[in-house]
Amino acid sequence: MIEIEGLVKRYREVKVLDNINLKINDGEIFGVVGVSGVGKSTLLRCLNLLEQWQEGSIKIDEIHIKNLKSKKLREFRKNMGMVFQNFSLIERETVFQNISFPLRCWGYSKEEIKKKVTELAKVVGIEDKLQERPKNLSGGQKQRVGIARALILNPKYLLCDECTSALDPKTTNSILELLKTLNEKYNITIVVVTHEMRVVKSICHRMAIIEGGSIAEMGKVEDIFNENSIYLRNLTGEENLGEKEDYSIIKIPQEEYETVVGILKENKINYGK
Amino acid sequence: MGQGSRLIEYLPTVIVPAIWTTLEMIFVSAILSIIFGMIFGTVLILTDEKGLLPNKVIHFILGKITDVIRAFPTMILIVALIPLTRIVIGTSIGANAAIFAITIGCTPFATRMTENALQTVDSDLVLMAKSVGASNLQIVSKVLFVEALPVLVSNFTIMLINMLNMSAMAGAVGAGGLGAVALTYGYQRFDNAIMYFVVAILIVIVLLIQGLAKIIYDKLK
Ligand SMILES: Nc1ncnc2c1ncn2[C@@H]1O[C@H](COP(=O)(O)OP(=O)(O)OP(=O)(O)O)[C@@H](O)[C@H]1O
Ligand SMILES: [Mg+2]
């Protein structure tokens, strides 16, 4: 369980996180949403101590993590897999080498590495790409590699920072599907940071909306979407998310639509009507 | 060949040995400069404000020493180093003395080249490595140097060509090698054929270095 109490984080004088209180239970998928620059990534990075903070505490599985140092800190991080928005793959290495990176850091034998990587590559669905370089993969495949690397040390937690934001809607769905499977099948607790509402809506159990550095709202995802509070509407741009909607269709605001149609007409481009 | 040129006569006795001396000087001082440059460049990256082990004092001092040595014009540096060269090597003439001077002259360059190459690595990769519990040494060896290797190679190629330049200048103050041959026979004895022949050899060496570096770079990329 992750327990955050009274967390305050400042960069110099600027308060980025202000009194965050949050509990994330084992086995759940928890979503953290908020507008850009509100401190979502900062909060997530506090969880594996990539960032330090000034006040408050974070306990993970009953351990205060703030003062973990050197070897203890590195051991602790093994239990917190992290997935990145831009995949963070080593471009000069193959998929196999990328996935095995954490194992190589922890001194696993060649045989163990081969066995674990091959197994996990099957789970995430990139077993046929192991000898490719990242540049030859699609975005979705790259993120599968990123997820496999984050899972290779068998972490209990998976921290995802905008892990689908660089992907198209269809690929996003397939990655979300994968995260859901990992959660259900392997009981991995997942924290998802995102500004995409459809991400939380489709996989998260509970969520928190961050505004102005603190938690504006927290609860079950369906409750929050049903209630459709001002905070949620701020994030979604007044759309009514309580009703069933097809999020795979990207909405273009009316004026923007008119302009585009205008340009198409002007240039005598047949736009299919 | 111009009349009175002794190029053919000197080819086996003077020029060929000079080629070997020059190659030896470049080779040994390149290896030394690259080793020291990679160490100091890594220290600069590590001790940077945003580095893995921020340390203002070390970063500042190392950075300043690097810049000061780089500010010296090559020829003046070689001459200014003569007393130190005498103490360390025992003499200020010959290939070993030149290797000492060139290494000191090129290490700051190699340091900045290393720093520059490592800076090209995406900082998210460092976060990634930290997040899986990699140690600082592992981040440097398994991420930074792996990802920066092609840039490192192309940066060091520039340095190598600079070194050829330096070794030729060192020839003027008793280092031997092609630079000394060009100066003694070309400049002092007005044997233009020998001078231009030496220049041609230097051009060939530059082209060889660049060609080889290109092949290595393409392989690594
Ligand atoms: N190293 C830093 N130094 C100073 N300020 C920082 C630093 N990192 C982040 N910030 C500031 O902290 C605030 C929160 O940043 P953070 O990256 O956590 O936001 P975010 O919610 O993840 O935004 P986004 O959706 O754009 O990723 C921003 O205003 C940012 O400018
Ligand atoms: Mg962010």
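This is a predicted model: local features need pLDDT of at least 70, side-chain atom pairs count only at pLDDT 80 or more; totals for chains, interfaces and linings use all residues.
Residues are numbered from 1 along each chain, chains are lettered from A and ligands numbered from 1 as written, and side-chain values use heavy atoms, without hydrogens and water. The model scores ipTM 0.84 and pTM 0.85.

**Stop 1: the sheet.** Select the strands of chain A in the order S6-S7-S8-S3-S9-S10. These six form an open sheet with mixed pairing. Strands (E, at least two residues) and helices (H or I, at least four) are DSSP runs, numbered from the N terminus. Two strands pair if DSSP finds at least two bridges between them. S6 (80-83) and S10 (214-220) of chain A are the edges, each pairing on one side only.

**Stop 2: S3 and S8.** Select 29-33 and 189-194 of chain A. Five bridges join these parallel strands. Val33(A) has Thr194(A) as its bridge partner.

**Stop 3: H5 on the sheet.** H5(A) touches S6 and S7 of chain A. Contact means heavy atoms within 4.5 Å.

**Stop 4: H5 and H6.** Select 139-151 and 169-186 of chain A. The helices pack at about 20 degrees, axes 10 Å apart. Axes are lines fitted to C-alpha atoms, for helices over the stretch in contact, and angles run from 0 to 180 degrees between N-to-C directions. That makes H5(A) roughly parallel to H6(A) (angles under 35 degrees). Show the contact residues, including Ile147(A) in H5(A) and Leu178(A) in H6(A).

Key:
Angles under 35 degrees count as roughly parallel, over 145 as roughly antiparallel, 65 to 115 as roughly perpendicular and the rest as oblique.
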